[in-house]
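Please keep the view open as you read.

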Amino acid sequence: MQFARLVVDELRCFQHLDVVLQPGINVFVGDNGAGKTSLLEAAHLLSHGRSFRAGAAEALLRRGSTNWTVHAEIRHATGQVQSLGLTRQADRWQARVDGQSVATLAAMIEHCAVICFEPGSHALIAGPAEERRRFVDWGVFHVEHEFQPLWRRYRRALRQRNALLRSAAVDVDLEPWEQELAQRGEQLDAMRQRYLEALAPLLEALCAVLVPELGTPLLLYRRGWPAGESLAAALQGSRQRDRALAHTRPGPHRADWSLTYAAAPSRALLSRGQAKLSALACLLSQAELHDRRSRDAAVLCMDDLASELDAAHLEAVVDRLQHQAGQVLITGTTIAPVLAGSTTRFHVEHGTVRKL
Ligand SMILES: Nc1ncnc2c1ncn2[C@@H]1O[C@H](COP(=O)(O)OP(=O)(O)O)[C@@H](O)[C@H]1O
Ligand SMILES: [Mg+2]
């Protein structure tokens, strides 16, 4: 897919922005604080329903405003053109597809695939497990249609079991919810496992380009409960402990994965730069897998790319971006020489965007 047009109202520094984008590489140049990251954030919101920046959702709203909207015209590989919209007012979300309100954010997000590499991306490797679960789940969501309803059922059962754990309920009260958790949880786990298995060879190839000095990468998945045990047995076996903790420990809500290397068997041994490049390898392989499976390339956003990478890595990444099918949005304070070729350029200043 590609963004043909992006319209942003009352988000961050944008009062009203209306920008027509081109296929291939689009470069946005501007000083610090001009609005470059906010522009990518707007694109990311349509694909994830949240920002990639840490902080409260309220921070997205332009100071003094009451609601923000991001709207995009999207062109899919099939030629189909679609209009997607997302509004947030007070604490309510409203998503639209072709002008019609849709009941869930997921019903809009499924049409939009945006993958962002930005200065905070190293958290994918070095940060909390939640980031890594989101990464996998985003990938699974775009290929497995049952994933979202399964998660909803799993979360509901988890809330019920947790409430019962806090209310001195007896085992027989827990059982029906444990049965639901075990069934849905095993299904969710199988989907995640399949996804990471498909990702691994693509990731390995990218690591060989981006961090060759670290040797063979190892992608290790931990499903969230002990190996060799069914989730049903794990839930039953942890009742006493879960009662004491007042929440459910075993299950896919505690899954995690790690990327380590022959020369760095623990992520603590990675430099910040290597963690960043590892995150980039994860994101680029996710994009590649998405493109293969959906036959509709994801949009890649690269925030402040030139300041995140040294010259050699920048050249390798730009070369790759130039040879792939999808649309790319890159930001920077200057145009890196490797990007001087056939790219569409925009100047960003005080929340306005002008094509150069
Ligand atoms: N909620 C908000 N309301 C108004 N301005 C904001 C809000 N959040 C951020 N800003 C401002 O938006 C501007 C653009 O930020 P950003 O997109 O991060 O810039 P860049 O990536 O170009 O350095 C900054 O000047 C920032 O202070
Ligand atoms: Mg920025």
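Arg12 sits in the loop between β1 (2-11) and β2 (14-20). Strands such as these are DSSP runs of E with at least two residues, helices are runs of H or I with at least four residues, and both are numbered from the N terminus. The phi angle of Arg12 is near 50°, a positive value in a residue other than glycine. Ala168, placed in the loop between α5 and α6 (171-210), also has a positive phi, near 55°, and is likewise a residue other than glycine.

A word on what you are looking at: this is a predicted model, in which local features need pLDDT of at least 70 and side-chain atom pairs count only at pLDDT 80 or more, while totals for chains, interfaces and linings use all residues. Residues are numbered from 1 along each chain as its sequence is written, chains are lettered from A and ligands numbered from 1 in the order in which they are written, and side-chain values use heavy atoms, with hydrogens and water left out.

**Around the ligand**

Which residues are closest to ligand 1? They are Gly33, Lys36, Thr37, Ser38 and Leu61, out of 15 residues that surround the ligand; a residue is near if one of its heavy atoms lies within 4 Å. This shell divides into 4 nonpolar, 5 polar and 6 charged residues. Here Ala, Val, Leu, Ile, Met, Phe, Trp, Tyr, Cys and Pro count as nonpolar, Asp, Glu, Lys and Arg as charged, and the others, Gly among them, as polar.

The table lists polar contacts of the ligand, meaning pairs of N or O atoms within 3.5 Å.

| Protein atom | Distance to an oxygen atom of ligand 1 |
|---|---|
| Gly35, polar backbone atom | 2.9 Å |
| Ser38, side-chain N or O atom | 2.5 Å |
| Arg53, polar side-chain atom | 3.0 Å |

Taken alone, ligand 1 exposes 580 Å², and the protein buries 74% of that; these accessible areas come from the Shrake-Rupley method with a 1.4 Å probe.

**How the helices pack**

Helix α4 (residues 129-141) packs against helix α5 (residues 147-166) at an angle of about 130°, and their axes are 9 Å apart. That makes α4 oblique to α5: angles under 35 degrees count as roughly parallel, over 145 as roughly antiparallel, 65 to 115 as roughly perpendicular and the rest as oblique. The axes are lines fitted to C-alpha atoms, for helices over the stretch in contact, and angles run from 0 to 180 degrees between N-to-C directions. On the α4 side, Asp137, Val140 and Phe141 meet Phe147, Gln148 and Trp151 of α5, where contact means heavy atoms within 4.5 Å.

Helix α4 also has a partner in helix α9 (residues 272-294): their axes come within 10 Å and cross at roughly 10°. The two helices, α4 and α9, are therefore roughly parallel to each other. Phe135, Trp138 and Gly139 in α4 touch Cys282, Leu283, Gln286 and His290 in α9. This contact has 4 nonpolar, 3 polar and no charged residues.

What angle is there between α9 and helix α11 (residues 311-322)? It is about 5°, with the axes 13 Å apart. Leu277, Leu280, Leu284 and Glu288 in α9 meet His313, Val317, Arg320 and Leu321 in α11.

Methods: Polar contact = N/O pair within 3.5 Å; in protein donor to acceptor, adjacent residues only side chain to side chain.
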